[in-house]
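The sequence and structure come first.

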Amino acid sequence: MHDETPTAPQTRALRLGVAGPVGTGKSSVIATICRHLRDDFALGVITNDIYTDEDARFLKSEGVLPEERIRAVETGSCPHTAIRDDVTMNLMAVEDMERDFASLDIVLVESGGDNLTATFSPALVDAQLFVLDVAGGGDVARKGGPGISGADLLVINKIDLGPHVDVDVEQMVADAEKARDGGPVLALSRKHPDTVEKLCDWVREMHKTYAGGGHIPVDPGPMAPHHHAHDDGHTHSHD
Amino acid sequence: MERQAALLLLADGRLPAGGYAHSGGLEPAVTAGRVADMAGLEKFLIGRAETAGLIASAFAAAACARAAADDLSDLETLAVELDARTPSPELRKVSRDLGRQLRRAMSSIHPHPLFAALGDAPHQPIVMGVAAAVLGLGPRDAALAILHENNSGAAASAAKLMRVDPFDVHAILARMTTRLDALAGQAAVAAEGAPGDLPSPGAPLSDIAAEHHRRRDVRLFAS
Ligand SMILES: Nc1nc2c(ncn2[C@@H]2O[C@H](COP(=O)(O)OP(=O)(O)OP(=O)(O)O)[C@@H](O)[C@H]2O)c(=O)[nH]1
Ligand SMILES: [Mg+2]
């Protein structure tokens, strides 16, 4: 067991990040993926907590995976730092998980809910979902930002709530597609099984591409300038 | 005085090794009402530097001297001695977690075979000492690096925990520079002796607070 040895290629899982503002449904998306794919893939989950371990507890209580495959990382109330400027804690949590339960197919990493600019560093994940919800307002997708425009998949969640919050879901999806230059957008609701199936298909497809060596991690782009003076342009590959 | 830039690199709080998730015991001290204002913060930081800080810096200096001489035979003894000076199981774990993280970061930043020789979960001061040696720094540098990193990390967490004027916090850090220099010198001298003779000042309340903190449901910092 040596931290400095990157996980051996045969035990290296697809590392899939799930980011997005507070309460949009990141944990729910992870729970859904686990429930539907756990028979086909060996899975692990890392949650990032701001000041509680609520996310890890929620996923454990949902019984979506054996408890020991869900681990929490404490981010010192700096969720964006933990997925971008200083990924060491998360990287080690992922590597430990891959080693302890070798060999895993997919490790899901939930970011602590942050703002629209928080995206995962390619040093931590191979691909990332960005989760918005209709309850946050129909305008959000149009506003863009690195997560919205650059994530591998943009999820617009809770579309069942559209009529209750006066959001035209079709319009929101169209705005998002425009902000993403045609990149994939998924309208999702746990109450619409067909949308859940599409989410699972996307994950299956991503895993297939990754396992076949055909996926090259892209960087959605750095965060907006903020108080952590740091050179975000520096990234490294970990395999 | 040749390797000053390497020392700045190692001591910089922005070195990506996960230190930002910790308050160095300040959060439990604030929560319990023991630190409530700037005077309290200054006393807290001085107390910490003179106890946990001196211990950490002495062990960093000792590890650095041994790594520089390419003799790691004492490392296991150093780890045992450091465990013995850290009564709180929680703080022993934090030290080893931070050590693993620092080792993981430094192995990517500046690879060296010595990092692999440190075992599964080395203490932070020991990794800091070895990292300093690998960067061509001496025992006193290693001591200063960990003193500064631990002190400025705890001070930075004050902005999230208390009503502070950040200028006041840095004024405390500025006043403490002479003290940290002196402590680093003390640590480097002590490092020349046997591991069992390294300094061992204690701060029992911090150990108890760390145990309480671990059991809290809601907290901003891991320690
Ligand atoms: N109506 C509706 N509610 C949903 C859906 N998905 C999630 N929710 C609810 O949205 C709330 C937030 O969901 P979470 O999955 O905890 O969101 P999160 O993004 O993980 O939240 P944080 O981790 O706190 O940032 C919960 O009350 C969920 O039950 C959905 O498809 N439809
Ligand atoms: Mg969540």
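## Ligand 1 and its surroundings

An oxygen atom of ligand 1 lies 3.2 Å from a backbone N or O atom of A:T24. Polar contacts here are pairs of N or O atoms within 3.5 Å; within protein, one atom must be able to donate a hydrogen and the other to accept it, and residues adjacent in sequence count only if both atoms are side-chain atoms. The model is predicted: local features need pLDDT of at least 70 and side-chain atom pairs count only at pLDDT 80 or more, while totals for chains, interfaces and linings use all residues. Residues are numbered from 1 along each chain as its sequence is written, chains are lettered from A and ligands numbered from 1 in the order in which they are written, and side-chain values use heavy atoms, with hydrogens and water left out.

| Residue | Atom of the residue | Distance to an oxygen atom of ligand 1 |
|---|---|---|
| A:T24 | backbone N or O | 3.2 Å |
| A:S27 | polar backbone atom | 2.7 Å |
| A:R190 | side-chain N or O | 2.9 Å |

On its own, ligand 1 has 650 Å² of accessible area, and the protein covers 73% of this. Accessible areas come from the Shrake-Rupley method with a 1.4 Å probe; for residues, only the protein chains shown count as cover.

How many residues surround ligand 1? There are 16, and the closest are A:G25, A:K26, A:S27, A:S28 and A:D160. A residue is near a molecule or strand if one of its heavy atoms lies within 4 Å of it. Helix α1 of chain A (residues 26–37) gives the largest share of the shell, three residues. Helices (H or I, at least four residues) and strands (E, at least two) are DSSP runs, numbered from the N terminus. Sorted by class, the shell holds eight polar, six charged and two nonpolar residues. Ala, Val, Leu, Ile, Met, Phe, Trp, Tyr, Cys and Pro count as nonpolar, Asp, Glu, Lys and Arg as charged, and the others, Gly among them, as polar.

## Chain A

Chain A has eight helices and seven strands. Of its 239 residues, 57% count as buried; buried means under 20% relative accessible area, exposed over 50%, and partly exposed in between (1.4 Å probe, protein chains only). Chain A exposes about 10,000 Å², and carbon and sulfur atoms supply 51% of that area. Among its contacts (heavy atoms within 4.5 Å) between residues at least 6 apart in sequence, 78% join residues at least 24 apart.

Some backbone details fall in loops. A:A102 and A:S103 are joined by a cis peptide bond, with omega about -5 degrees; A:S103 sits in the loop between α4 (88–100) and β4 (106–110). A:S77, in the loop between β3 (70–74) and α3 (79–83), has a positive phi near 55 degrees although it is not glycine. A:D166 also has a phi near 55 degrees, positive in a residue other than glycine, and belongs to the loop between β6 (153–157) and α7 (169–179). Are these residues buried or exposed? A:S77 counts as buried because its relative accessibility is 15%, whereas A:D166 counts as exposed at 73%.

## Chain B

In helix α4 of chain B (residues 75–84), the buried residues are B:L75, B:L78, B:A79 and B:L82. They cover an arc of only 100 degrees around the axis, so they lie on the same side of α4(B). The arc is that of the directions from the helix axis to the C-beta atoms. B:E76 and B:A84 are exposed on the other side of α4(B). The buried residues of α4(B) pack against α3 (38–68), α5 (89–109) and α7 (124–134) of chain B.

B:L91 belongs to helix α5 of chain B and is partly exposed, with a relative accessible area of 25%. Beyond its neighbours within four places in sequence, B:L91 contacts B:T86, B:S206, B:D207 and B:A210.

Helix α8 of chain B (residues 139–161) holds B:N151, and B:S157 is also placed in α8. B:N151 is buried at 6% relative accessibility. Neighbours within four places in sequence aside, B:N151 is in contact with B:L45, B:R48, B:L173, B:M176 and B:L180. B:S157 is buried, with a relative accessible area of 2%. With the neighbours within four places again left aside, B:S157 is in contact with B:H22, B:S23, B:L26 and B:F221. The C-alpha atoms of B:S157 and B:F221 are 8.4 Å apart, with a separation of 64 residues in sequence.
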